[in-house]
Amino acid sequence: MANTTNEFIQKALYYDYFPSLTENAVQTYKTPTEFPCCPQNITEKPLADYLNNLQESSLFSENKYYKSNVIKTEVLKDGAGFLVVCRSINKDQNEECFCVFEVTYNFGFFIHQYERKFDSIELVNKYIDYSTGKIPFDDNDFDLFEFEYL
C-alpha cells in the first residue's frame, strides 16, 4: 500500500488534486468537501460499490458553500468512471442549480471532478447524453460546441 500511496501522492501533486473531508477521496477543487456515499471499505469493484450507494435524492456532496443531492448517475462510455447529476443548493444565497461531477478511481482513491454547472435539467441531459456517447457531435449545435470547446 505504501508504494501505491506514494505513487498517488506524486501524481496528485502533478494533477493538482486536493484532499476531501472523506477518507479514500480526493477532489479537483479546493473547497474541502464531504462525500457521504463514498465507500469506506474498498472491494474489487470500487466504482460499482459507489454507484450502488448513490440513490436518487441521496446526499452526494456537501461543503461550506453547496449541498448537492443526486438526481441520476451515468457510467462513462469507456467504463473508467461515472457522472453524477446533482441538484445543488448554494447555502448563502439559497439558489438552486444543476451540477455534474465525474468520479473515477485510481491509486486507492475516489477522484471527484467538478464538470459543469447548468441552469436547466434539459441542458444537463444533453450534456450527459453527449458525454456518454449517446449522441454524436454536431457542428451546428451550439450546446454541443460549447460542451466540447468552452
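**Pocket lining and a helix pair**

Mentor: The lining of the largest pocket has six nonpolar, six polar and no charged residues (Ala, Val, Leu, Ile, Met, Phe, Trp, Tyr, Cys and Pro are nonpolar; Asp, Glu, Lys and Arg charged; others polar). The model is predicted, with local features needing pLDDT of at least 70 and side-chain atom pairs 80 or more, while totals for linings use all residues. Numbering starts from 1 along each chain, and side-chain values use heavy atoms, without hydrogens or water.

Lining this pocket are Tyr29, Thr31, Thr33, Ser61, Asn63, Tyr65, Tyr66, Ser68, Ser88, Cys99, Phe101 and Tyr114. The pocket volume is about 210 Å³.

Elsewhere, helix α3 (residues 121–131) crosses helix α4 (residues 142–149) in a right-handed sense (near helix turned clockwise from the far one by less than a right angle). Leu123, Lys126, Tyr127 and Tyr130 of α3 meet Asp143, Leu144, Phe147 and Glu148 of α4 (contact: heavy atoms within 4.5 Å). These contact residues divide into five nonpolar, no polar and three charged.

Terms used. Helices (H or I, at least four residues) and strands (E, at least two) are DSSP runs, numbered from the N terminus. On a 1 Å grid over the protein atoms alone, a cavity is a set of points where a 1.4 Å probe fits but cannot get out, and a pocket is an open set with protein on both sides within 12 Å along at least five of seven lines; lining residues have an atom within 4 Å of a point. Grid points are joined across faces, edges and corners, and a volume is the space filled by probe spheres set on the points.
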